[in-house]
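Q: I would like to go through this structure with you, beginning with the strands. Could you take a look?

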Amino acid sequence: MMFATPRAVILSVLALTQIAVASSLPELLLESRQSASAEAETLRGTSAYNLVCALIARKVSSASLVHYPGSPVFNWLLSHWSSASNQVSACVVEPATPADVGKILEIVGKARTPFAVQSGGHGTNPGFSSTKGIHISLNSFRSVNYNRATRTVEFGTGLKWEEVYAAIERHGISVLGGRVTGVGVGGVTLGGGYAWKTNQYGLTCDSVTAFELVKPNGEVVKVTQQSDSQLFFGLKGASNNFGIVTKITMKALPQGQVWGGMISYMDPASIEAVSVATSKFANQVTDPKAAILSTFSYYQGSPLVGVQLFYDAPQPPAGVFDDFLSIPAVQTNVSTQSFLSLVQSAPANATYGLRSYFDGVPVASYSPRFLNKVKDLTMTFGNRLASKSLVFMTLVAEPFLPTILSHNPARTAYPFTRSKVYSPFNILFTWADPSQDAVFERAIREMKEQLYAALLAEGQSDIVNAPLYPNYALWDTPVQKIYGSNLPALKSVKSRVDPSNVMGLAGGFKISSR
């Protein structure tokens, strides 16, 4: 690994100092039976967090590392795709084994110390995978193993999807994962997940056969439908409520060359034609090998529409994408290529390090009228926010077939209803100036309200109670809107697996045990 030597040096120089400090920490304090509120009062603030960091450094094995501010590795492991999600923690703990993850959870649980768990760091909600307390990076969980006999792939949650695809490509297989680069495997899977092949096989979580989970009490277990059906159900969509997942096992899917890429349009007439073509595709194309993402963007004062096309074969049948191909474009990279190459071709990391927020709305069906409204809102908000350091804004239509939830008969935490498919519609604002965070928070909320209003005006009244995709939802979205009728079952699992609410010390959409 690139930083192996510096990390070892940092550990030997800095951690030894912290170990010396930790020797004065009364460990009985962490092991006592005093109330959670009293513990929180005793161990609060940066100095207390530093003591917990030092105790972790003492307790974990030599394979695991603890990084401190001032280290390049600390900064690297702490960083997120959206800098709005960054917080400077007391330390970054990089466990290398599930047993060490268990020790860390036991320590922060007893000390009632806030912590964060980061897989890929692509989420945009502040505090969801960042903290001022103990930052747990899963970066060292990077193994990828293909089991030819069971046709499954097991991989660590420190990986990004393109790394998994690259490791298994030589076997002629893929898995049901992220559609662009830079996205961690943990967040997508535990939040439900949508993939290029969702029309064929369902949600990302639908293809999971096992999770390696470190429970809040430190116990390491393999969770399957057979071993613990309720916990297995909860891990499929309820994010980090039940512990820390260190490995995921998924069904391997056959994978050859694919056809697709990005087409960009700027002419107003072309943009309107894309709205019509997107609606037609969403409502008429039933070939499960075909998928699109239509992005309506504002960049440097101008509208820009891009369509990512995907077909799971070297060439699509005539007629599937003809409408898009016939519209005058300013740029295209559509070709026959490997699946990995197609995923890498999208410019998903062009805004890395800038400030971004996601939000989303559920869409039952796409009409040209709604998509034209999307186009108009893009320009209206873009012009309004240009002086506020707006860098990029995009609204993404992600149509899926109404059959995608039929591929898995078992219940999953997300979505809480499988009787009807609501495609997630993504809203993304990206800006440069941290002083404008509140401006963009208000703007993304207003954008969401106007999109809901446009859909309701078309008669899509059922979207009011439709499941919200947790990986797009803004941080204060009520868990009822995400987990709905599944909440009682999820609370029961929470009560059994995490009775002390250790995972409540971490960010995310939290499920209570009561």
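Q: Which residue is the bridge partner of Gln118 in strand 4?
A: Gln118 is partnered with Ser137.

Q: What is the order of the strands in the sheet?
A: The order is 1-2-4-3, in an open sheet of four strands with mixed pairing. Strand 1 (65-67) and strand 3 (115-118) are the edge strands, each pairing on one side only. On average, neighbouring strands of this sheet are turned by 25° against each other, direction ignored.

Q: Changing topic: how many disulfides does the structure hold?
A: The structure holds one. Cys53 and Cys91 form this disulfide, with their sulfur atoms 2.1 Å apart.

Q: Is that link left-handed or right-handed?
A: The link of Cys53 and Cys91 is left-handed, with -95° about the S-S bond. The pair connects distant parts of the chain, 38 residues apart: Cys53 lies in helix 4 (residues 46-59) and Cys91 in strand 2 (residues 91-94).

Q: Are Cys53 and Cys91 buried or exposed?
A: Both Cys53 and Cys91 are buried.

Q: And why does Cys205 count as buried?
A: Cys205 counts as buried because its relative accessibility is 0%, and the cut-off for buried is under 20%.

Q: Finally, what pLDDT does the protein chain average?
A: The average is 91, and 91% of the residues score at least 70. Over residues 1-43, however, the pLDDT is below 50. That stretch has 57 contacts in the model beyond near neighbours in sequence. Where pLDDT is low, predicted coordinates should not be read in detail.

Conventions
Residues are numbered from 1 along each chain as its sequence is written. This is a predicted model: local features need pLDDT of at least 70, side-chain atom pairs count only at pLDDT 80 or more; totals for chains, interfaces and linings use all residues. Side-chain values use heavy atoms; hydrogens and water are left out. pLDDT is the predictor's confidence in each residue, from 0 to 100. Contact means heavy atoms within 4.5 Å. A disulfide is a pair of cysteine sulfur atoms within 2.5 Å. Helices (H or I, at least four residues) and strands (E, at least two) are DSSP runs, numbered from the N terminus. Buried means under 20% relative accessible area, exposed over 50%, partly exposed in between (1.4 Å probe, protein chains only). Two strands pair if DSSP finds at least two bridges between them. Axes are lines fitted to C-alpha atoms, for helices over the stretch in contact, and angles run from 0 to 180 degrees between N-to-C directions.
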